[in-house]
Amino acid sequence: AKGATGPLRDERTASEYAHRVGASLIIDEVPGVRLSDVFRKANITRVAWASIDVEGHEVQVLDTWDAGDPVVDLISTEGRSQVVQQRLVGQWGMRSVGGPLIDSWFESPPN
């Protein structure tokens with residue numbers, strides 16, 4: 001997977017890991033959908049809180065979500081990624097409001 005690390009960073013490494021632990025590597029390709037398309041199809045125009053916890057792939061999730069469509073009041077992400085912060089603050093116009101422990105929280109400006 002793009003951006004993956006550790007034993008699943010590429011097919012060769014994953015295959016070696018599976019062999020080492022006595023398992024088989026099976027690769028399934030799963031079609032993805034854009035979050036913006038899901039929101040539009042469900043007629044969602046506002047989200048109170050979105051939690052993105054995808055083990056370091058927050059940017060890939062945000063790539064499928066058009067800024068401001070729908071309006072989101074609060075987004076929480078795992079980790080303190082500068083790239084995520086630049087995207088949500090710099091491009092989406094959100095404000096960083098901290099967050100507990102290792103999480104980052106971002107809120108939209110009041111209407």
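Which residue caps the N-terminal end of α4? I found Ser81 there, with a side-chain oxygen 3.2 Å from the backbone nitrogen of Val83. The model is predicted, so I note the limits: local features need pLDDT of at least 70, side-chain atom pairs count only at pLDDT 80 or more, and totals for chains, interfaces and linings use all residues. Residues are numbered from 1 along each chain as its sequence is written, and side-chain values use heavy atoms, with hydrogens and water left out.

Helix α4 spans residues 82-91, and I list Val84, Arg87 and Leu88 as its buried residues. Down the axis of α4 these fall within an arc of 85°, so they line one face of the helix. The arc is taken from the directions from the helix axis to the C-beta atoms. On the other side of α4 I find Gln82, Gln86 and Gly90 exposed. Buried means under 20% relative accessible area, exposed over 50%, partly exposed in between (1.4 Å probe, protein chains only).

I looked up the cover of the buried residues of α4: it includes α3 (58-62), β2 (71-78) and β4 (103-107). Helices (H or I, at least four residues) and strands (E, at least two) are DSSP runs, numbered from the N terminus. After α4 comes Gly93, with a positive phi near 75°.

I then turned to Ser104, in strand β4. Ser104 has 6% relative accessibility and therefore counts as buried. Leaving out residues up to four places away in sequence, I list Ile75, Ser76, Thr77, Gly79, Arg80 and Gly98 as touching Ser104; contact means heavy atoms within 4.5 Å. The side chain of Ser104 reaches the backbone oxygen of Gly79 at 2.7 Å.

Key. A polar contact is a pair of N or O atoms within 3.5 Å; within protein, one must be able to donate a hydrogen and the other to accept it, and residues adjacent in sequence count only if both atoms are side-chain atoms.
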